[in-house]
Amino acid sequence: VLSNTLIISALKLAFGFPAPIILALMINEVRNTLFKRTVQTISYMPHFLSMVIVAGLVMSVLTTEGGLVNQVVVYAGGEPHAYLTDPAFFRWILVGTTVWQTVGWGTILYLAAMANIDPQLYEAAVIDGANRWQQMRTITLPSISFVIILLLIFQIGNLLNAGFEQILLL
């Protein structure tokens, strides 16, 4: 049980921690305000859903009788598969649902940290000839590193919490 908990928690940390950083960096680079706010709202909405609702959605998508994934598999000529009872898929389903449900909240935190970056730093980088990637790597990431480290410490503190409610519901 302990090794399974550590494996699930390590997978959630490995995939769930960088996901909001990457999404926040991508949203920060978008110049179309309407698109930026739409993506931000859509990514944040699953945070308000109860784990019971998320588990119900996942179960309805992955069920062997009429689930969306199995319908696609059957349409492609394959056989339906019970993903939720297969140990090879179950951990990844847990990780995927956790990332989907929590990525929006983390993105909000990182975007708030990015809002505090002095725009003159970016202007100076443009004058020096830095492209968008170089600006992100040399200005944005170092400027939000304190938030990244703080949230990493918080997530490491929950390393032995694999999410029993989520596992039980799925």
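Mentor: What follows goes from the overall fold to pockets, the surface and a few separate residues.

Trainee: Before that, what kind of model is it, and how are residues numbered?
Mentor: This is a predicted model, in which local features need pLDDT of at least 70 and side-chain atom pairs count only at pLDDT 80 or more, while totals for chains, interfaces and linings use all residues. Residues are numbered from 1 along each chain as its sequence is written, and side-chain values use heavy atoms, with hydrogens and water left out.

Trainee: OK, how many helices and strands does the protein have?
Mentor: There are ten helices and zero strands, where helices (H or I, at least four residues) and strands (E, at least two) are DSSP runs numbered from the N terminus. Read from that end, the order of elements is α-α-α-α-α-α-α-α-α-α. Along the principal axes, the C-alpha atoms fill a box of roughly 60 × 40 × 25 Å.

Trainee: And what share of the residues is buried?
Mentor: Of the 170 residues, 35% count as buried; buried means under 20% relative accessible area, exposed means over 50%, and partly exposed is in between, with a 1.4 Å probe and protein chains only.

Trainee: Let's go to the pockets. How much space lies in the largest pocket?
Mentor: The largest pocket holds about 700 Å³ of space. A pocket here is found on a 1 Å grid over the protein atoms alone, as an open set of points where a 1.4 Å probe fits, with protein on both sides within 12 Å along at least five of seven lines, and lining residues have an atom within 4 Å of a point. Grid points are joined across faces, edges and corners, and the volume is the space filled by probe spheres set on the points.

Trainee: Why roll a probe at all?
Mentor: Rolling a probe the size of a water molecule over the atoms shows where empty space is left.

Trainee: So which residues are nearest the centre of the largest pocket?
Mentor: Out of 24 lining residues, Lys12, Thr98, Thr102, Gln155 and Asn158 lie nearest the centre. Helices H1 (2–16), H6 (87–115), H9 (145–157) and H10 (164–169) each supply at least two residues of that lining, and H6 gives the most, with six residues.

Trainee: How does that lining divide by class?
Mentor: The lining of the largest pocket has eleven nonpolar, eleven polar and two charged residues. In this scheme Ala, Val, Leu, Ile, Met, Phe, Trp, Tyr, Cys and Pro count as nonpolar, Asp, Glu, Lys and Arg as charged, and the others, Gly among them, as polar.

Trainee: What about the second largest pocket?
Mentor: The second largest pocket has about 310 Å³ of space, and of its 14 lining residues the closest to the centre are Asn28, Arg31, Lys36, Met114 and Tyr122. Two or more residues come from each of H2 (18–29), H3 (33–44), H6, H7 (119–127) and H8 (132–143), and the lining divides into seven nonpolar, three polar and four charged residues.

Trainee: Switching topic, how many salt bridges are there?
Mentor: A search of the whole structure finds one salt bridge, meaning a side-chain nitrogen of Lys or Arg within 4 Å of a carboxyl oxygen of Asp or Glu.

Trainee: Which side chains make it, and where do they sit?
Mentor: Glu29 and Arg132 meet at 2.7 Å, N to O, and the pair links distant parts of the chain, with Glu29 in helix H2 and Arg132 in helix H8, 103 residues apart. Glu29 is partly exposed at 25% relative accessible area, and Arg132 is partly exposed at 37%.
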